[in-house]
Amino acid sequence: MEHLTFDYAAQRVVKARAHVGVVGSGDLEVLLSPHDAMGARVIVNTSVDGYAHIWKSVLDRFFTRYDGAAVIEINDFGATPGVVALRLAEAIETAEATEAAAPTPPCTAQPQGGAQ
Amino acid sequence: MTSQLTSPPPFIARESFIEMTARERARALLDKGSFRELAGPFDHHTSPWLPLQGIVCQADDGVVIARGTIDGEPAVVAAIESAFQGGSIGEVAGSKIAAALELALRDCENGHPVRPLIVFETGGVRLQEANLGLAVIAEIQSAIVALRQHVPVVGIVAGMVGCFGGMSLAAALCSRLIMTRQGRLGMNGPEVIEQEAGVDELDASDRRLVWQLIGGAQRVATGFADALVDDDASAIATAVHSAFARGVPSAHRSQQVDAYLARLAQIDPQSVTPESMRTVLRACADDGSTAETQS
């Protein structure tokens, strides 16, 4: 198991939090919550050692499009970079949907997946 | 979901319960809009033991506890997430279930009945947490026994993991159990039996045989579970409503020790078959409640 931390610049305040995914085989859990400081911090706990450079590439790419001041905790159980990117996108979508629906901070976790 | 105006094919009309995560299951079982999670992932009640063994934690330790209403009545759901460590019960995961049941018991004793519902999807105790997991499963079991005097304790075994080990005993203590055909309920899993007793005792790769022994249809036919329901979220929610509506059984299965021992004595281990099990055990499912099948 490896712990990694990454910091990125942010441009706007995040008001809602989101929880998506499970720590199951080939999957990961993402917990996104507002950050006190105007910056983004990503904390990764991963079951696979030695892939810090891949995590950096995936997150660098993600943060070219995302500018929220969020703390993003990731509990990873061997997800591929593609799955990581999808879960991150899902977390953002869930948080933004919550933010749009309720301007005040919500008090419960959000549903997972998008069974539309 | 409820309107059948255009009557699409069944597999489209259905919303698979098995494919849902534990959180989605809890949400689907509570009345719409009433789901309120307790001790959720942002509270970070994680296992202190897994990181010491190099295993990544899940923020809710694999158990979702939610308050809400079922049929308008206050309810608490404990749903186990099978994708995290096989739905295994560690110290934190089990404590969340036990505490939810104990709080429901306190409410019941104070004259505020709470409907307790457990969604079993578990291989039993989490081996990495050994005795701590076993101890907390005992707490869950004693909470079920205390609580079922006040309200029916309802369990669901939907699959595909099933319900095994100490948690199968917890399921057996429930007032009513709802299963799907895909669900399995047993003390030892087929692989464990094959490993310990040999392939002559049980071939774990023989799926037909395994489900004939411990599958939902057999468990309902032999009276160890009460309702056989399709893998459909609204069908399962309906079965939950009717399980609670029927109230506390006059005698729980686990109180009918003599009746079950007498039936066991009739079974010849050399010649027993799934069919003969049904003949011998069907009569035990009494207390006026015959098994219901919804399909």
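In chain B, helix α3 (residues 91–109) packs with helix α4 (residues 130–147) at an angle of about 20°, their axes lying 9 Å apart. Because angles under 35 degrees count as roughly parallel, α3(B) is roughly parallel to α4(B). Please keep in mind that this is a predicted model.

**How the two helices meet**

- The crossing in which α3(B) passes α4(B) is left-handed.
- On the α3(B) side, the contact is made by B:E91, B:G94, B:S95, B:I97, B:A98, B:L101, B:E102, B:A104, B:L105 and B:C108.
- On the α4(B) side, the contributors are B:L132, B:G133, B:V136, B:I137, B:E139, B:I140, B:A143, B:I144, B:A146 and B:L147.
- Sorted by class, the contact of α3(B) with α4(B) comprises 14 nonpolar, three polar and three charged residues.

**Chain B as a whole**

- Chain B contains 11 helices and eight strands.
- With a radius of gyration of 19 Å, close to the 19 Å that the globule rule gives for 295 residues, chain B is as compact as a globular protein of that length.
- The C-alpha trace of chain B spans about 55 × 55 × 45 Å along its principal axes.

**Burial and contacts in chain B**

- How many of the residues of chain B count as buried? The share is 47% of its 295 residues.
- Taking contacts in chain B between residues at least 6 apart in sequence, 74% join residues at least 24 apart.

Key: Residues are numbered from 1 along each chain as its sequence is written. Chains are lettered from A and ligands numbered from 1 in the order in which they are written. This is a predicted model: local features need pLDDT of at least 70, side-chain atom pairs count only at pLDDT 80 or more; totals for chains, interfaces and linings use all residues. Axes are lines fitted to C-alpha atoms, for helices over the stretch in contact, and angles run from 0 to 180 degrees between N-to-C directions. Helices (H or I, at least four residues) and strands (E, at least two) are DSSP runs, numbered from the N terminus. Angles under 35 degrees count as roughly parallel, over 145 as roughly antiparallel, 65 to 115 as roughly perpendicular and the rest as oblique. A crossing is left-handed if the near helix is turned anticlockwise from the far one by less than a right angle, and right-handed if clockwise. Two residues are in contact if their C-beta atoms, placed from the backbone, lie within 7 Å. Ala, Val, Leu, Ile, Met, Phe, Trp, Tyr, Cys and Pro count as nonpolar, Asp, Glu, Lys and Arg as charged, and the others, Gly among them, as polar. The radius of gyration is taken over C-alpha atoms; the globule rule is 2.2 Å times the number of residues to the power 0.38. A residue is buried if 20 or more other C-beta atoms lie within 10 Å of its own, exposed if 12 or fewer, and partly exposed in between; C-beta atoms are placed from the backbone.
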